[in-house]
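Have a look at the sequence and the model first, then read on.

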Amino acid sequence: MRTSLRSAATLVAAFVVLPITAIAQGGGHADAVTVFIGMSSATMHGDSVPGPTHKLGAIAGLSYEVGGSGRLSFVPGIEFVTKGVKTLYAVSGGVVLTDVTVGYVEAPLLVGIRADPMGSVTPRVLVGPTVAVRATCAVGVQGQAGAYGCADVGRGVTTTDAGAMAAAALDVRMGGRGYSLMAAWEQGLTNVVKDNDAKNRTLTLTLGATW
């Protein structure tokens with residue numbers, strides 16, 4: 001456990017210290033705040049997840065770009081995003097459908113690389129780690145009697161998550177204002193069900209306004 005925590009801390013430090021150092025040396029100084037909202041398509045993957053399918057959810061938050069005047073930037077953020085999974089599997093009495101919805105307060109720590117502008121549109125790619133804390137959790141079950149909660153999913157849904165994110169964005173200037181359209185893929189790196197092989201996988205699409 002200590003080795004895993006040390007590795008995670010080293011990874012986060014690399015994505016925080018090194019980009020800021022590179023930006024400072026390159027003379028980047030422009031900062032920008034983006035407020036965004038969008039949708040998520042989430043599932044869980046692992047040997048402990050029977051018949052997983054995707055479920056739609058929501059995402060909203062803000063990000064702060066450091067070094068936006070250069071090619072390279074550091075983009076930390078804070079967001080609320082719903083993840084989870086729908087599963088469909090057969091039992092002796094028929095078919096059971098479960099719907100697990102987990103809301104996280106998540107902090108991506110991304111490094112952005114900006115391409116050359118194409119008129120009023122500037123493409124960007126971003127990559128980095130994410131850490132999250134569970135804020136809400138709900139479970140629905142059809143085809144099986146009883147009341148179920150997050151403690152009944154395996155040995156319970158964990159309270160934290162960590163992952164890796166890769167994203168592509170288009171930054172647009174229109175009428176003196178900035179907008180950003182971003183698609184992001186996040187692969188969970190930790191199991192989110194206790195003592196089970198079950199990791200989050202999430203695709204998000206967001207639209208943001210930048211100041």
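This is a predicted model: local features need pLDDT of at least 70, side-chain atom pairs count only at pLDDT 80 or more; totals for chains, interfaces and linings use all residues.

Residues are numbered from 1 along each chain as its sequence is written, and side-chain values use heavy atoms, with hydrogens and water left out.

**The disulfide**
- You'll find 1 disulfide here (a pair of cysteine sulfur atoms within 2.5 Å).
- C137 and C150 make the bond, and their sulfur atoms sit 1.5 Å apart.
- The pair ties together distant parts of the chain, 13 residues apart: C137 is in strand β6 (residues 121-142), while C150 is in the loop between β6 and β7 (160-174). Strands (E, at least two residues) are DSSP runs, numbered from the N terminus.
- C150 is buried, at 13% relative accessible area, whereas C137 is partly exposed, at 27%.

**The cavity**
- There is 1 cavity of 30 Å³ or more. On a 1 Å grid over the protein atoms alone, a cavity is a set of points where a 1.4 Å probe fits but cannot get out, and lining residues have an atom within 4 Å of a point.
- The largest cavity holds about 50 Å³ of space; a volume is the space filled by probe spheres set on the points, which are joined across faces, edges and corners.
- Its lining includes I59, M165 and W185, and β4 (72-91), β8 (177-188) and β9 (199-210) each supply at least two residues.

**The pockets**
- A pocket is an open set of points with protein on both sides within 12 Å along at least five of seven lines.
- The largest pocket has a volume of about 660 Å³. Of its 37 lining residues, T34, E65, R124, D171 and T210 are the closest to its centre.
- That lining divides into 18 nonpolar, 12 polar and 7 charged residues. Ala, Val, Leu, Ile, Met, Phe, Trp, Tyr, Cys and Pro count as nonpolar, Asp, Glu, Lys and Arg as charged, and the others, Gly among them, as polar.
- The second largest pocket comes to about 350 Å³, and T87, T98, V100, V153 and G154 lie nearest its centre among 21 lining residues.

Notes: Helices (H or I, at least four residues) and strands (E, at least two) are DSSP runs, numbered from the N terminus. Buried means under 20% relative accessible area, exposed over 50%, partly exposed in between (1.4 Å probe, protein chains only).
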